[in-house]
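Walk me through this structure. Where do its helices and strands meet, and which loop residues stand out?

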Amino acid sequence: MRTLAVVTLYHPSPQVGENIASYATGVDGLFIWNNTPPGSPEPALPDVVQAKVVRYRRGENVGIGQPLDEAARMAMEEGYTHLLTMDQDSRFIPDSFRAYLEEAVRLDAEEDKPVVYVPLVNRLPFDGSPQVVDSFITSGTLFPVGTLRAVGPFCAKLVIDGIDLEYSFRLRAMEGQIMRLPQGSLQHALGYPLRKRFLWWMPVSLNYPPARVYYIARNFLYLKKQYPQYVNPSTVRKLVWQRPFYILFMEKRKVAKLRAWVRGVADGWRCRF
């Protein structure tokens, strides 16, 4: 097994070095793609991380699609057997990453179809059997190079949101599998959630900035049109059609977010990128 890990940064928190260190010692190469604008301070990376960096890119913010495709090409061209995709705010629970890789290697020998491996998210690891699931998030997912070749590139035109879902839909259409391995455990932060009480109801808003509001609305409407057999209507209802409620009653920057939502709905409905 020879693993390349890719992580995309954008104004990372001070903990990013510790997050990357949680898996750096277990990979053979580390591709860091920094979308933070020039002029901002470089993240502090511990020695164990710097020792594994084989490529570091900094420049214009292009989202995560282009970094994922570039890392996939690098993995296929430079003799890696697996690609690990990570988020800057994610880390593996101590000792679980090595067990995760070992279980993936064991299963590789049994699989004759495209497969990706995913860890538990925000749950403690345990020694159990793999479970087939319907989708994955980008962070913590392990792609055998054979799967990358069979399924093809990531849908970079989505820029940020839904890239993982679109890939999982294509994988499933090819009768491939997404296997969750309980030996691996990922701690993953999701947005900047807000909670507010309305009588007996306490809704939670992910409170994304306007750019993410746009991409979520656009991309999930696009995915609904392209993959109606896979997209859960309740997911679209919650992430797209209920967004104005959360923006109006729970979040700040209401005008900017509502404008972004309207534009995202219009572009997603017309599949315009």
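The crossing of α7 and α8 is left-handed. Keep in mind that this model is predicted. Two packed helices are described by the angle between their axes and the distance between the axes. Here α7 covers residues 210–226 and α8 covers residues 233–241. The two pack at an angle of about 155°, and their axes lie 9 Å apart. Angles over 145 degrees count as roughly antiparallel, so α7 is roughly antiparallel to α8.

Which residues make the contact between α7 and α8? From α7 come Ile216, Ala217, Phe220, Leu221 and Lys224. They meet Thr235, Val236, Leu239, Val240 and Trp241 in α8. By class, the residues of this contact divide into eight nonpolar, one polar and one charged.

Next, the link between these helices. Asparagine 232 sits in the loop between α7 and α8. Its relative accessible area is 41%, so asparagine 232 is partly exposed. Tryptophan 269 is 37 residues from asparagine 232 in sequence. In space, the C-alpha atoms of asparagine 232 and tryptophan 269 are 17 Å apart.

Another helix comes next. Helix α6 spans residues 163–173 and contains phenylalanine 169. Is phenylalanine 169 buried or exposed? Its relative accessibility is 4%, so phenylalanine 169 counts as buried. Not counting residues up to four places away in sequence, phenylalanine 169 touches Tyr227, Tyr230 and Val231. Glutamine 226 lies 57 residues from phenylalanine 169 along the chain. The C-alpha atoms of phenylalanine 169 and glutamine 226 are separated by 9.9 Å. Glutamine 226 takes us back to α7, which runs over residues 210–226.

Now turn to the strands. Strand β9 spans residues 177–188. Nine of its 12 residues are buried, so β9 is largely enclosed by the rest of the structure. Valine 118 is bridged to arginine 180 of β9. Strand β6 is itself largely enclosed by the rest of the structure, because six of its seven residues are buried.

Two antiparallel pairings also involve β9. One is with strand β7, residues 131–133, through three bridges. In that pairing, valine 133 has isoleucine 178 as its bridge partner.

The loop between β6 and β7 holds phenylalanine 126. With a relative accessibility of 41%, phenylalanine 126 counts as partly exposed. What does phenylalanine 126 touch, not counting residues up to four places away in sequence? The contacts are Leu120, Pro182 and Gln183. Proline 182 is 56 residues away from phenylalanine 126 along the chain. Yet the C-alpha atoms of phenylalanine 126 and proline 182 are separated by 5.6 Å.

Backbone geometry picks out two further loop residues. Most residues other than glycine have a negative phi. Histidine 11 has a positive phi of about 45°, although it is not a glycine. Where is histidine 11 found? It is in the loop between β1 (3–9) and α1 (16–24). Its relative accessibility is 45%, so histidine 11 counts as partly exposed.

Aspartate 95 lies in the loop between β5 and α4 (96–108). Why does aspartate 95 count as exposed? Its relative accessibility is 73%, and exposed means over 50%.

α7 and α8 form a left-handed crossing. Phenylalanine 169 of α6 touches residues including Tyr227 and Val231.

Conventions. Residues are numbered from 1 along each chain as its sequence is written. This is a predicted model: local features need pLDDT of at least 70, side-chain atom pairs count only at pLDDT 80 or more; totals for chains, interfaces and linings use all residues. Side-chain values use heavy atoms; hydrogens and water are left out. Buried means under 20% relative accessible area, exposed over 50%, partly exposed in between (1.4 Å probe, protein chains only). Helices (H or I, at least four residues) and strands (E, at least two) are DSSP runs, numbered from the N terminus. Two strands pair if DSSP finds at least two bridges between them. Axes are lines fitted to C-alpha atoms, for helices over the stretch in contact, and angles run from 0 to 180 degrees between N-to-C directions. Angles under 35 degrees count as roughly parallel, over 145 as roughly antiparallel, 65 to 115 as roughly perpendicular and the rest as oblique. A crossing is left-handed if the near helix is turned anticlockwise from the far one by less than a right angle, and right-handed if clockwise. Contact means heavy atoms within 4.5 Å. Ala, Val, Leu, Ile, Met, Phe, Trp, Tyr, Cys and Pro count as nonpolar, Asp, Glu, Lys and Arg as charged, and the others, Gly among them, as polar.
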